[in-house]
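Trainee: Before we look at the model, could you take me through how each term is decided?
Mentor: Gladly; let us bring it up and go term by term.

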Number of protein chains: 2
Amino acid sequence: MNRMNGADSLVVTLKLAGVDVCFTNPGTSEMHFVAALDRSERIRCVLALQENVATGAADGYGRMAGKPAATLLHLGPGLANGLANIHNAKKARAPMLNIVGDHATYHVKFNAPLTSDIEGIARPVSDWVKTTQKSDDVGIDAAVATREAASWPGRIATLILPADASWSPTDLIGDPLIPEGPAKPDPAKVEAAAKALKSAKKAAIFVTGMPLQDDNPLLLGKIKAATGCDVIAPTANRRIDRGAGRFNVIRLPYVLDHSIPMLAQYDTLILVGAPEPVGFFAYPNKPSQLAPEGCNIVELASHAENTVGALELLIEALGAGDAEPEVTPLALPDDVGAMAGDPVDLDNLCRAIAMTIPENAIICDESITTGRHFYPAFATARPHTLLHVTGGAIGGGLPLAVGAAIACPDRKVIVLQSDGSGMYTNQALWTMAREDLDVAVFLFSNRSYKILVGEMKGVGAAEPGPVARDMFSLDRPEIEWTGLARSMGVEAQRVTTAGELLPAFERAIAEPGPRLVEIML
Amino acid sequence: MNRMNGADSLVVTLKLAGVDVCFTNPGTSEMHFVAALDRSERIRCVLALQENVATGAADGYGRMAGKPAATLLHLGPGLANGLANIHNAKKARAPMLNIVGDHATYHVKFNAPLTSDIEGIARPVSDWVKTTQKSDDVGIDAAVATREAASWPGRIATLILPADASWSPTDLIGDPLIPEGPAKPDPAKVEAAAKALKSAKKAAIFVTGMPLQDDNPLLLGKIKAATGCDVIAPTANRRIDRGAGRFNVIRLPYVLDHSIPMLAQYDTLILVGAPEPVGFFAYPNKPSQLAPEGCNIVELASHAENTVGALELLIEALGAGDAEPEVTPLALPDDVGAMAGDPVDLDNLCRAIAMTIPENAIICDESITTGRHFYPAFATARPHTLLHVTGGAIGGGLPLAVGAAIACPDRKVIVLQSDGSGMYTNQALWTMAREDLDVAVFLFSNRSYKILVGEMKGVGAAEPGPVARDMFSLDRPEIEWTGLARSMGVEAQRVTTAGELLPAFERAIAEPGPRLVEIML
């Protein structure tokens, strides 16, 4: 039998550590890794036509599988192309393991065209970065990298692998290492939170992360039932399990004119895994911090602590163990609320989607302005999982769906996708077709960066003139999303009236495999 | 009259410093810059649907205009999305000025979703990075940034502009600053190069940068005529002006099995603006340095020096002032050399393109494996300008064409584009349609990352197994480039036989505006 090389050691180590999927666009420096995958046939390798699809897919996979996928990226530029969705994953605190090929160690000093400071590019979006120096180190470095990625609550680990470390022989593999778990809840913080809740006139729990997942929201419901507090999630969250049969968590609106008044009613905020609420952007003469002045802000648990455990202790401290959480009833619209020939508007769109969401669907939401009323409208829909684009880097929606569909092949994935952001990573459609992923893309074509019209006003700039209007408009030329999708092998249909919405959505849900519905707004 | 704000100061300063074009995808933090553009109406603003299109276009513009365009990018992720083509521009030593919006200075500490280490992301691809702190500094910082970008031989300057520096008032603008020129040629190096050339058995000049541009290659031709040396350019170059009527510079092949034997004949190499020849990648048991052992390598001028001036001094030192450079004759193929119904192959493709290139065309070359024989085949075509993707980051071809077409509206731009790399920045097609750019895209559809088949062998990895073959193939599903182009407003035609090549190419050249020809290989 041939001796292993560094790439074999990497593949075996990753597999032993539980890495099952690799999203990739490999190049020359990664060829030995690809050959090692061929020899092992143990890790599913998913090709992306641009790296931001690969990294966004790894984010979606990590959120749904609860463990890291690997990405395999080609030197500094390959990493750079995927950086924006790594940024989103970092803000989600999703687990992700990036393997980035580099030139052979001895070749770097010659500054060939593809040479760049890969560690420098990786560091701003990574929690952990290392360059392996030799083949005997690949195993242990890969084991540490995987442990880092899988550590609580999910981290970005980037391992840079020079070509010669990959192709040189080694007998060593890395034993799986136990990921670092959350820090234990702090009894003093639990006591302080209980006290604050009891003495509050009106309190809210501001919460993200694991408490929003699986059945954990019911814990939040118990606290609400016992104390009368509200429960609010940030605008963007890694994952929320919600809908009928679950406790409904309110979401903080994106627009400050809505979020500041919402929070104004509270004299007490309990933070659980979330920092205090701040604006997505700063605006002249508006605060960055959104809680009212003098609000008593008490942290129950930071993201580094066991947030679910802390909620359990808080329930105990409040004597709320027997409290009955309010559970959302199933309540669907009776119809789309419009005549068949009416134009599509946000109201009939909301209704049609709410009626369509199938039991246990995963919804990847990059609906931006179109979707501002979606969150409350889907609260009483069939139970589903919601994934947000967490770092504000547009182009997250379609890739998230690729990863979620691969993590959960038995669940329907729906992408609520705006057109401007969808164009950033349109290449994800091809991977959906190639892997025959069960994804329905609802594409909202308003042919503009509509959000910027409001933002321009928000920052106090002048009324949009010709340059600004031109920068906000996507209608010269119009993008034909049905043609775009078909060119990459995804069947597609265009909807222009309210009456077409429901049949188109239902067909996209009923048919297996990817399908795009372009909704003309 | 209203007082200026920082954004006004930026626009006025840039315009005074000669910046005429801005390639952009702006967001909230850049709204005041957009409003300032509206007030001034002096800088042409070109929208891209993804930032790597904007930065690649700025590269193409910079190479053709000989001065920097600005890019306007939205915080860290917007910069990250454009990083790969900034990397290419840096390797081209093209001038480029990146303006990156950031949160208001006081907002950064709250770590809102879009917060990231923008300087950290910028540094690996920039020669100069600065974050402006207040509105009164915008003018001077913008003037310095523009000077840096325009300094010899072309640099990457990245100016980070917090939203509050943009929206706060100021009365200050930045006076234009004189860019740093090249260092003077070193007489000692000129003397050493002359001596080396005279005593060489067989010498070559290895040259890139300004000597390949405009009429400068004739200087190289004089030296060849006087000394018998060869003249070789690296595989990837910022710009080569070539074709009939010009002196033909040989290009170093990408594949080591060709480049090493080519260089083996020389006992002397004279470096002009280029580092010594090294492999694009390292391969086991092959050298990184491609010149033969014992080769006398003499630097006439580094990229930081006046390379053209150094060649003039060398001509003087050699007494070659009256030498007659060999000038390339116009020699076009008589026909495509195939029957009308024959399949397209590399030979008839080469011929058809050579016959088609119109006088004074700009050719953006990202043809990868398909184009390995293009360079010699087009040596005797009508005079044209050739732009390479210089940093090995694929996805450069279509964006380069956007920038070149905007810099030179009176010249036809041709993109020789492979399919795999073209998918990286397919969004560039939309900007071509929007701006009605006179670009003919010749899209080579081999439905694979064909280069990787050879690379896998080259690095000594196993024969491609099922995983590798899957990672190299783009035929599941096939991408329909005609449909893709049309979906973004670009007319397109598919060619499957040799007989269709010439009519399709001639039509694409004859018709104004963008047009794509998909060539099935």
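**A strand and its partners**

Mentor: In strand β8 (residues 230-233) of chain A, the bridge partner of A:A204 is A:D230. This is a predicted model, in which local features need pLDDT of at least 70, side-chain atom pairs count only at pLDDT 80 or more, and totals for chains, interfaces and linings use all residues. Residues are numbered from 1 along each chain as its sequence is written, chains are lettered from A and ligands numbered from 1 in the order in which they are written, and side-chain values use heavy atoms, without hydrogens and water.

Trainee: What makes β7(A) and β8(A) a pair?
Mentor: Two strands (DSSP runs of E, at least two residues) pair if DSSP finds at least two bridges between them; β7(A) and β8(A) have three, in the parallel sense, so they qualify. β7(A) also runs parallel to strand β11 (residues 268-272) of chain A, with five bridges, and there A:A204 stands opposite A:L269.

Trainee: Why is strand β7 (residues 203-207) of chain A called largely enclosed?
Mentor: Buried means under 20% relative accessible area (1.4 Å probe, protein chains only), and five of its five residues are buried, so the rest of the structure largely encloses β7(A). A:A203, A:I205 and A:V207 cover one side, while A:A204 and A:F206 are buried on the other.

Trainee: How do you know that the two copies are related as by a two-fold rotation axis?
Mentor: After least-squares superposition on the C-alpha atoms of residues with pLDDT of at least 70 in both, chain B can be laid on chain A with an RMSD of 0.0 Å by a turn of 180 degrees and a shift of 0.0 Å along the axis. The copies are thus related as by a two-fold rotation axis.

Terms used. Buried means under 20% relative accessible area, exposed over 50%, partly exposed in between (1.4 Å probe, protein chains only). Helices (H or I, at least four residues) and strands (E, at least two) are DSSP runs, numbered from the N terminus.
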